[in-house]
Amino acid sequence: MLSEPLLGDEVVARAALDAGLRGAYSYPGTPATELLEYLQGSAEVAKGEVHASWSANEKVALEEALGHSLAGYRALVAMKHVGLNVALDPFVSSALTGSNGGFLVVVADDPGMHSSQNEQDSRVLAEFAGIPCLEPAEHQELYEAVQEGFSLSEDFRVPVMLRLTTRLAHCRAQVHRREPQPPRARRPLPERFEDWILLPVNARRRLGRLLETREKLMAHFDERAVSEVQEGVPGPLGVIAAGLGYAYFREHYPDPGSCPPHLHVRRYPLAPGALRALARKVDEVLVLEDGSPYVERALSGLLADPRVRVRGKLSGDLPRTGELTPELVGRALGFEGVPSRGPSMPLPGRPPSLCKGCGHADLFKALTEVRREFPGLFVTGDIGCYTLGALPPYQALQTCVAMGASIGMARGMADAGVLPVVAVLGESTFAHSGIPALLSALRGQVPMTVIILDNAAVAMTGGQQSLLSGEALLNLLAGLGVDPEHLHSLLPRPQDHAANVEVLRKALRHQGLSVVVAARECLQAARRRKRGLA
Amino acid sequence: MNETIELILCGVGGQGILSVAQVLTLTAAEHGLACKQSEVHGMSQRGGTVQAHVRLARGIIHSPLIPAGRAELVVGLEPLETLRHLHFLKPGGTVVSSTVTVENLAEYPERDLVLAELERWPRHSLLDAEALAREAGNPRTQSTVLVGAVSPFLPFDVPLYLDVLERMFGSKGQALVEANRAAFALGRQHSLEVLSELR
Ligand SMILES: Cc1ncc(C[n+]2csc(CCOP(=O)(O)OP(=O)(O)O)c2C)c(N)n1
């Protein structure tokens, strides 16, 4: 059955549903967001057969999915690459507990940083935890990989990572679907709960088991990969291509009969036998992979053959940063690019900007005005639509590092005597990782101001519903112990400008900790809500 | 025959470039072609540069991206963005672009210079998508005007497009479907006239 054109993220969701998924959890983040959105729009979720919900952050999402797997059902968690940093603690330990129902950790990397604060390669973290990782090159392979991932997880009792990159996650194509399976029957709960109680005595035993499992997996993968080494047209150059690197390679050799000797890497841990078998046929290998030179680095140890020259990102044949492109791969393979011509006039860039009429802009205008009265005022920022306030015309923020970091960094600056200091973050970012930071600043009685922009939506990633907004947010702040005298609310809109400046002035003058909640619904979310009602 | 068609679609976040892409790929699928369509989501959708790579073919499509100098068509909802993506065009390729500027940047170049630069490309169909959308009865059908303007350069039959528009907008009322059909027809008419001069 041929599907409609689906984004890579949606292919994962579709394939998981077809494979009998029972529960999925996620926190939004480009390029992974559309996975859970697709599930939430699916008939299976509407009928109540499958559970799919947004979590407060990726750590929580991973733990929820792990619980679902422990309960005996097929489960997945989806996130962008930096989300895995947030979830790293339970992620690494889940390799020790292992899975019960098939457990897929779907991570979408963003080489080239289209919508991210850094570039990192999740394959490294799969290896760090000691779990297998699947990396498909195109949509049909992606569909199959989801099914394989669940089976591997159940057969080997480990979580399995599925690694996507932006161009796969956000490319649309049709896939051939298999006959959908209903959610799998529940597997019985584990007989030995000691496996899930990671006290040192148990964890040591589990680590031994994990290492054994890894050996078995490697042998399993190697057996398959050895048969996948492609003889191709004999020549001095061999190609080892992973993920999109393989798609770009085949773009230059559409006829399978014309390819040089090559190996398509789809699974990690790497298959040493297959890699050596390829290397024996050639004088040099070109490694094509998106992200870090992960395979390239591993090769020098695995091949242990000084005769074979390894080319890739470390050798300078491909750039060390950014994403692969068909042009870059073509050049590394020795193809001439097609000459192309752009316009002769210089073109100014068009950076993203806040929507016309956005409440964030009104808050930044008020902040800019009071700023004149507080020379030396430092403003730590955070991640969301409001990060655009760091750009002209506002230039209101001086940092943007990690979700929730505005509060911790502001406290650190205050402790170091940089005063006054203000942290600015959105309500979803606050719920994600700002709460512990605020708790610690409150207990430390740190003189600082926290401005929470509550637009009742996770706007930057497409307007998902916030878990903590309005009354609930104010109640939480009061409950944490924010002094009611210094807990302010304001409505960021043009006609309230003077009053808002006054509120900020008051908050900044306070010698202790003050919190300002600027609450106005995201324009786009409001528009969607009204359209939904109409 | 190994029919392969490659298009770059571009515009400003929020203009609806992804819905242009959607209509084209769904229509191509009806025509029996496989598609790969790379989209930009996230940050740049907030008023930044947005592009989509659309590759259509009878057989397997490997790369999600179109290499520079390979696209038959560069299709833009905003003229400066169209210029920005011209290096994707292959020699003899065609530019289809709205002339309506979105000037949400500090120093937007002079509009006449931008349009003059576009007109230097031998094959182009430039149109005021906003005016045509208004004429079609709904100013929000600019992206469908553009679909209509691309259609004469593609091998798909008109009814296929109209079916897709019906499928996409049918649930939102017949008036919207009619406006989109009208928008499609106006865009198509414009390019047909341009084509008759090109020949
Ligand atoms: C660890 C991590 N997870 C997810 C993201 C993706 N992301 C960027 S901003 C944002 C949330 C923004 O929501 P909010 O704080 O409410 O601000 P708004 O965009 O609504 O102004 C998310 C989820 C990220 N950058 N890092």
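1. The model is predicted: local features need pLDDT of at least 70, side-chain atom pairs count only at pLDDT 80 or more, and totals for chains, interfaces and linings use all residues. Residues are numbered from 1 along each chain as its sequence is written, chains are lettered from A and ligands numbered from 1 in the order in which they are written, and side-chain values use heavy atoms, without hydrogens and water.

2. The largest nonpolar core has 88 residues, of which A:L21, A:L39, A:F91, A:L162 and A:L164 touch the most other members. Such a core is a set of buried Ala, Val, Leu, Ile, Met, Phe, Trp, Tyr and Cys residues joined through side-chain atoms within 4.5 Å. Buried means under 20% relative accessible area, exposed over 50%, and partly exposed in between (1.4 Å probe, protein chains only). Helix α8 (residues 139-156) of chain A gives the most to this core, with seven residues. Helices (H or I, at least four residues) and strands (E, at least two) are DSSP runs, numbered from the N terminus.

3. A second, separate core holds 59 residues, among them A:F374, A:A423, A:V446 and A:M448. In soluble globular proteins, nonpolar side chains tend to be buried together.

4. In helix α16 (residues 405-415) of chain A, the buried residues are A:A405, A:S406, A:I407, A:A410 and A:A414. Their cover includes β14 (378-380), β15 (421-426), α17 (427-443) and β16 (448-454) of chain A. Just after α16(A), A:G417 takes a positive phi of about 90°.

5. Around the ligand there are 26 residues, and the closest are A:E58, A:H360, A:C385, A:T429 and A:A457; a residue counts here if one of its heavy atoms lies within 4 Å of the molecule. An oxygen atom of the ligand is 2.7 Å from an N or O atom in the side chain of A:H360. A backbone N or O atom of A:A457 is 2.8 Å from a ligand oxygen atom. The protein covers 97% of the 590 Å² of accessible area that the ligand has on its own (Shrake-Rupley method, 1.4 Å probe).

6. Is A:R163 buried or exposed? A:R163, in strand β7 (residues 160-165) of chain A, counts as buried because its relative accessibility is 1%. The side chain of A:R163 makes a polar contact with the side chain of A:D121 (3.5 Å). A polar contact is a pair of N or O atoms within 3.5 Å; within protein, one must be able to donate a hydrogen and the other to accept it, and residues adjacent in sequence count only if both atoms are side-chain atoms.

Notes. Contact = heavy atoms within 4.5 Å.
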